[in-house]
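Hi everyone, thanks for having me. Have a look at the sequence and the structure while I talk you through them.

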Amino acid sequence: MRFALRRGFPLVAISVSAVLAAVIAVLTLTPLLGPQIEVPGSDKVHHLLAFAALAFPLSAARPRLAPWVVLGVVAYGGLIEIIQPYAGRHAEWGDLVADAGGAILGSVAGAAAGLWRRSS
């Protein structure tokens with residue numbers, strides 16, 4: 001049973017990350033129309049948390065690849081910032097910095113969780 005869980009975990013990690021990437025794309029690329037829903041916290045905190053969540057599953061699945069996960073997640077955030085002006089949104093350097101911070105935070109936490117899981 002343990003072998004099956006280990007073998008299936010990367011597929012789960014990829015699936016979770018793909019769903020999170022799609023949700024992030026929709027939330028960051030949908031034009032802001034009409035009244036906005038107030039969500040607690042600043043825009044930068046939302047970016048940090050979203051990109052930390054995106055980086056976590058892949059880094060947990062393969063801790064040694066965490067630096068590459070960071071690079072990929074930051075590149076994804078940069079791509080979103082490049083596309084946003086064409087989607088009726090505003091690109092901001094602060095958002096990209098928050099995305100990078102979230103990618104680092106999520107990858108470090110994910111790698112630590114993955115290493116802990118393997119050691120127990």
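Predicted model: local features only at pLDDT ≥ 70, side-chain atom pairs only at ≥ 80, totals over all residues.

Residues are numbered from 1 along each chain as its sequence is written, and side-chain values use heavy atoms, with hydrogens and water left out.

Okay, Thr28. By that cut-off, Thr28 counts as buried because its relative accessibility is 10%. You'll find Thr28 in helix H1. Helices here are DSSP runs of H or I with at least four residues, strands are runs of E with at least two, and both are numbered from the N terminus. What does Thr28 touch, leaving out residues up to four places away in sequence? His47, Ile80, Gln84 and Arg89. Contact means heavy atoms within 4.5 Å.

Now zoom out. The protein has 4 helices and 0 strands, so to speak a plain α-α-α-α pattern along the sequence. The C-alpha atoms fill a box of roughly 50 × 25 × 25 Å along the principal axes. Of the 120 residues, 31% count as buried. Among contacts with a separation of 6 or more, 80% come from residues 24 or more positions apart.

Next, helix H3, residues 66-83. H3 has 18 residues and reaches 26 Å from its first C-alpha to its last, close to the 26 Å expected. That expected span is 1.5 Å times one less than the number of residues. The buried residues of H3 include Val69, Val70, Val73 and Gly77. Keep in mind that an α-helix has 3.6 residues a turn, so residues three or four places apart point the same way.

Phe51 sits in helix H2 and Tyr76 in helix H3, 25 residues apart. Phe51 is buried, at 1% relative accessibility, whereas Tyr76 is partly exposed, at 22%.

Last stop, charges. A salt bridge is a side-chain nitrogen of Lys or Arg within 4 Å of a carboxyl oxygen of Asp or Glu. The whole structure has 3 of them. Lys44 pairs with Asp43, the closest N and O atoms being 3.2 Å apart. Lys44 also meets Glu92 at 2.7 Å, N to O. That pair links distant parts of the chain, with Lys44 in helix H2 and Glu92 in the loop between H3 and helix H4, 48 residues apart. Then Asp95 and Lys44 form a salt bridge, again listed at 2.7 Å. Asp95 lies in helix H4 and Lys44 in helix H2, so this bridge ties together parts 51 residues apart in sequence. Which of these counts as buried or exposed? Asp95 is buried, with a relative accessible area of 3%, and Lys44 is partly exposed, at 30%. Through shared partners, Asp43, Lys44, Glu92 and Asp95 join into one network.

Conventions. Buried < 20%, exposed > 50% of the residue type's maximum accessible area, 1.4 Å probe, protein only.
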